[in-house]
Amino acid sequence: MAAALELFSTRDAEDVSIDDVASAAGASRALVYHYFGGKQELYVAALRSAAEQLESRLRPAEGGRPLDELAAGLGRYFDFVEEHAAGFAALLRGGPANRAGEVGEIVDGVRRRLFRLIQKQMRVEEPSPVLRTTLRSWIASVETAGLDWLEHRDVERPILEKMLVDHMVALLGVAAAHDGEVGELLDVLTGEQLG
């Protein structure tokens, strides 16, 4: 699986053959076909594995302040990005048609679960349309920042993680101008709520 993720993260899925994966894994072509049936099944299994590994890292240790929990979650997210660069890149870059079929379902499933985790951390039962859009925008920014960091590594991780928490606060500030409930949430999150 690790060999497949590495190959799929550095090359287009269409350009990776079962022979490439078998060779990289030190296994026979027949063995790869036995376990996965074909390249698409192997690709989907590799992405599913990366998604499960990422999600297991994101389960929060509850009890702290929401922004502290968010920062801790980002730390775990970037631990995964750093330790499993191939899986992360393969997961987010998608494959044929980038988001079609099972591949799209895997990537979208990760995003939906991440959204629910953030919503839970912020103690929001049902987000307004403005908050929903804001949180989804932030998730896309975190994904893009992770891919950029893997490619360049010219921003120190602690700075990037702090920047992304600040980015969340800034996005909520913009959203608050359009939705009073987001403004109240922001006050609670930043500890500026007046008694």
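A residue is termed buried when its relative accessible area is under 20%, exposed when over 50%, and partly exposed in between (1.4 Å probe, protein chains only). Helices are DSSP runs (H or I, at least four residues), numbered from the N terminus. The model is predicted: local features need pLDDT of at least 70, side-chain atom pairs count only at pLDDT 80 or more, and totals for chains, interfaces and linings use all residues. Residues are numbered from 1 along each chain as its sequence is written, and side-chain values use heavy atoms, with hydrogens and water left out.

Helix H6 spans residues 85–93. Seven of its nine residues are buried, so H6 is largely enclosed by the rest of the structure. The buried residues are Ala86, Gly87, Phe88, Ala89, Ala90, Leu91 and Leu92. Their cover includes helices H1 (2–10), H4 (39–58), H5 (66–83), H7 (101–121) and H8 (129–152).

Helix H5 also packs against helix H9 (residues 157–176); contact means heavy atoms within 4.5 Å. Two packed helices are described by the angle between their axes and the distance between the axes. Axes are lines fitted to C-alpha atoms, for helices over the stretch in contact, and angles run from 0 to 180 degrees between N-to-C directions. The axes of H5 and H9 come within 10 Å and cross at roughly 135°. H5 and H9 are therefore oblique to each other (under 35 degrees is roughly parallel, over 145 roughly antiparallel, 65 to 115 roughly perpendicular, the rest oblique). On the H5 side, the contact involves Leu67, Leu70, Ala71, Leu74, Gly75, Phe78, Asp79 and Glu82. On the H9 side, Arg157, Leu160, Glu161, Leu164, Val165, Met168 and Val169 take part. By class, this contact has ten nonpolar, one polar and four charged residues (Ala, Val, Leu, Ile, Met, Phe, Trp, Tyr, Cys and Pro are nonpolar; Asp, Glu, Lys and Arg charged; the others, Gly among them, polar).

Aromatic pairs were searched next. Rings of Phe, Tyr and Trp (its six-membered ring) pair if their centres lie within 6.5 Å; planes under 30 degrees apart are stacked, over 60 edge-to-face, and the rest tilted. The whole structure holds two such pairs. The ring centres of Tyr77 and Phe78 lie 5.5 Å apart with planes at 75°, so this pair is edge-to-face. Phe78 and Trp149 are also edge-to-face, at 6.2 Å centre to centre and 85° between the planes. This second pair links distant parts of the chain: Phe78 in H5 and Trp149 in H8 are 71 residues apart. Tyr77, Phe78 and Trp149 form one aromatic cluster. Relative accessible area is 4% for Tyr77, 0% for Phe78 and 7% for Trp149.

Key. Helices (H or I, at least four residues) and strands (E, at least two) are DSSP runs, numbered from the N terminus.
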